[in-house]
Amino acid sequence: MNKPRILIVGAGISGLALTKALVDLGFPVEVVERRSNEDPALGTGIYLPANAVRALRAIGLEEDLATHAKPVVRQRLEDHRGRPLTEFTVDRIWGEVGPCMATTRRDLHDLLHAMVDSDAVRYNTEVIAVTDEGAVTFADGTTSTYDLVVGADGINSAVRKSQFPGSSPRFLGQLCWRFIADDTAIPGITDWTARLGAKGRTFLTVQLGAGRVYCYADINSPAFTAPAGDWRTLFVDFGGPVPQLLEQGAAAHFAALYESRNTAWTRARTVLIGDAAHTLSPSMAQGGAMALEDAVVLADILERTPDVATALAAFQDRRAKRVAWVSAQNQRRDKARNLPGPLRNITLRHAGERLFKSNHAPLHDQP
Ligand SMILES: Cc1cc2nc3c(=O)[nH]c(=O)nc-3n(C[C@H](O)[C@H](O)[C@H](O)COP(=O)(O)OP(=O)(O)OC[C@H]3O[C@@H](n4cnc5c(N)ncnc54)[C@H](O)[C@@H]3O)c2cc1C
């Protein structure tokens, strides 16, 4: 039986992972990517929890990842002055699922890109619209028809806007800044440490190895634009290594944070994966993991289900509960960040590890 002709829109985390998985299975795949190869967000870091690393292992990336990423062995939560609230090793949270890793987005992108044929991705090619018949219109005015169109085109997905109008992600009421700092001369930085301040402020550091540390800082905000002035003044009351790290954060990458609640990801010949389907709060650091799992699951289902309509129904069914779980945990955590400091600190001191364990428990199962 002929395999369906597939267009993957977007060469980000999910699009490249799906390309690798489908090409390995012998599917004819085209991939288009709007940008050239320079995205400023690729200059920051990414934490890969154990289920993300497992998905990368499933597409054959584990060995290369190990040479470019740093294992995260411990997670630590502190108050904004650096006083410990709770600490545990990640194997207490993830058990047998495997290691957690941290790397730069650039390295992850390059590793994924190196796994697919160098000519496989057509850069500077933007999709504008998709129809139920699988007809795709590109920004240069050309059209082409596919048996299946995969929208892996991220938070502002054109595929989603075209096929699922009215399902835009909503602003979470949070803003963030991200940068990579040199931590060689800064004491007091461990694998993964989140420092929690008043009014929902967080300063997270994740070591990337080779003297680099990924810094992520966020605040609550009613507006989705960056406040006037130097953002670093928002964290002047933070202690430990934060003041020294902030000295290196003048050119941090700014983003407003969004999440989506739409639960329909398939229609006619279209399927959405990754952020296009389900933009998630970064609270659980599960956005990349869910995007990678989507890719692995969709490839598996397409291989075993030759009929596109049946495959898409199976995909929606298999992914819905898991993504809903992550979304619910994110919402719970996002609420908890606004608890009065003393109450939040007592809760984390007494039940931090237990809460992290229960947040992640269903994600131990294969996707
Ligand atoms: C601040 C922040 C921190 C995060 N931290 C983590 C973390 O530590 N760990 C984690 O697992 N996740 C994290 N995430 C989530 C993670 O980054 C995303 O879930 C992940 O990048 C989604 O991958 P994707 O492939 O769906 O989309 P993307 O990686 O955004 O890729 C989409 C691609 O599609 C392209 N594209 C867009 N429109 C078109 C078009 N019309 N035509 C052609 N191409 C198009 C884009 O240029 C892009 O290359 C974080 C997210 C944020 C916002």
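Helix α1 (13-24), strand β3 (45-48), strand β13 (170-182), strand β17 (253-259) and helix α8 (287-304) each supply at least two residues of the shell around the ligand. Helices (H or I, at least four residues) and strands (E, at least two) are DSSP runs numbered from the N terminus. The model is predicted: local features need pLDDT of at least 70, side-chain atom pairs count only at pLDDT 80 or more, and totals for chains, interfaces and linings use all residues. Residues are numbered from 1 along each chain as its sequence is written.

The shell around the ligand comprises 34 residues, of which G10, G12, G274, G287 and G288 come nearest; a residue is near a molecule if its C-beta atom, placed from the backbone, lies within 6 Å of it. Helix α8 gives the most to this shell, with four residues. By class, 18 of the shell residues are nonpolar, nine are polar and seven are charged, where Ala, Val, Leu, Ile, Met, Phe, Trp, Tyr, Cys and Pro count as nonpolar, Asp, Glu, Lys and Arg as charged, and the others, Gly among them, as polar.

The largest nonpolar core contains 99 residues, and L18, V150, I273, L292 and A295 touch the most other members. Helix α8 gives the most to this core as well, with ten residues. Such a core is a set of buried Ala, Val, Leu, Ile, Met, Phe, Trp, Tyr and Cys residues joined through C-beta atoms within 7 Å. A residue is buried if 20 or more other C-beta atoms lie within 10 Å of its own, exposed if 12 or fewer, and partly exposed in between, with C-beta atoms placed from the backbone. Residue L292 touches I13, S14, A17, A52, A55 and L56, residues up to four places away in sequence not being counted; contact requires C-beta atoms, placed from the backbone, within 7 Å.

Helix α8 has 18 residues and reaches 26 Å from its first C-alpha to its last, close to the 26 Å expected at 1.5 Å a residue; the expected span is 1.5 Å times one less than the number of residues. Because 14 of its 18 residues are buried, α8 is largely enclosed by the rest of the structure.

Strand β7 (residues 100-104) is mostly covered, with four of its five residues buried. Strands β3 and β7 run antiparallel and are joined by four bridges, pairing being assigned if DSSP finds at least two bridges between two strands. Residue Y47 has A102 in β7 as its bridge partner. Strand β4 (residues 70-72) is also antiparallel to β7, through three bridges, and K70 stands opposite A102.

Residue A198 counts as exposed because it has 12 C-beta neighbours inside 10 Å. Residues A198 and L302 are 104 residues apart in sequence and 47 Å apart in space, C-alpha to C-alpha.

Seven of the eight residues of β15 are buried, so this strand is largely enclosed by the rest of the structure. Strands β15 and β16 form a hairpin with two residues between them, in which A210 in the turn has a positive phi of about 55°.

Methods: Contact = placed C-beta atoms within 7 Å.
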